[in-house]
Amino acid sequence: MTARRATRERAGLASGRLQVVETRRPGPRSVRSFKILLAHDARAATCDPLARAIEAALENVEIVDASSIDDALLASATERFDACLVCLDLPPAPVGGARLASELVDSNHPVVLVTRSLRWLPPDRPALQQLPWIPPDASTAEITSAIAAATSECDSVIRARAPLPGDLHGAPAFRARR
């Protein structure tokens with residue numbers, strides 16, 4: 001895979017957004033989309049601007065909205081995400097969001113905390129203090145740098161990527177033939 005600036009982005013190089021495309025070959029080329037898990041309390045409007053800012057920060061992004069811990073754990077067990085954004089307002093706040101973030105970190109998912117302050121983190125989870133975090137009204141630059149920080153750690157030799165669905169049970173994931 002190679003990274004190239006999108007054709008429409010060449011006119012405005014100040015944006016710096018990249019689009020990942022497959023190497024050149026005859027026929028149509030598919031564009032790889034970023035897949036983001038956004039776990040937050042859907043009843044609160046706190047993270048609504050964050051979803052719009054993510055779409056502005058990343059080109060060709062798919063946001064999976066999870067409004068509970070169970071929804072987020074189910075989505076993370078069945079799909080691979082480029083980053084998981086976990087709001088500490090997830091009920092029961094802040095313990096619910098902290099518990100979800102801990103479980104995602106334990107299963108090697110790249111996690112970014114969404115909070116206005118790290119003082120809401122429980123003292124019995126010191127690993128969460130090391131995670132990148134952004135406020136719910138984060139700018140596009142803050143979002144891209146936090147996601148880059150979370151994913152760079154997961155792509156390193158120290159920590160492996162999250163397993164594919166099916167790998168969790170010790171069996172390889174089967175793919176449909178085309």
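A residue counts as partly exposed when its relative accessible area falls between the buried cut-off, under 20%, and the exposed one, over 50%. Keep that in mind for two stops below. The model on screen is predicted.

**Whole chain.** Start with everything selected. The protein chain carries four helices and seven strands. Trace them in sequence order and you get β-β-β-α-β-α-β-α-β-β-α. Of its 178 residues, 38% count as buried. Switch to a surface view: the chain exposes about 10,300 Å², with 55% supplied by carbon and sulfur atoms. Residues 24 or more positions apart account for 59% of them.

**Backbone background.** Most residues other than glycine have a negative phi, and most peptide bonds are trans. The next stops depart from that.

**Asn-60.** Go to the loop between helix H1 (48-57) and strand E4 (61-66); Asn-60 sits there. Its phi is positive, about 60°, although it is not a glycine. With a relative accessible area of 35%, Asn-60 is partly exposed.

**Pro-91 to Pro-94.** Move to the loop between strand E5 (83-87) and helix H3 (95-106), where Pro-92 lies. Select Pro-91 and Pro-92: a cis peptide bond joins them, with omega about -10°. Next select Ala-93 and Pro-94. They too are joined by a cis peptide bond, omega about -10°. Pro-94 lies in the loop between E5 and H3.

**Asn-108.** Follow the chain past H3. Asn-108 lies in the loop between H3 and strand E6 (111-114). Asn-108 is not a glycine, yet has a positive phi of about 65°. Is Asn-108 buried or partly exposed? Its relative accessible area is 25%, so it is partly exposed.

Methods
Residues are numbered from 1 along each chain as its sequence is written. This is a predicted model: local features need pLDDT of at least 70, side-chain atom pairs count only at pLDDT 80 or more; totals for chains, interfaces and linings use all residues. Side-chain values use heavy atoms; hydrogens and water are left out. Helices (H or I, at least four residues) and strands (E, at least two) are DSSP runs, numbered from the N terminus. Buried means under 20% relative accessible area, exposed over 50%, partly exposed in between (1.4 Å probe, protein chains only). Contact means heavy atoms within 4.5 Å. Accessible areas come from the Shrake-Rupley method with a 1.4 Å probe; for residues, only the protein chains shown count as cover.
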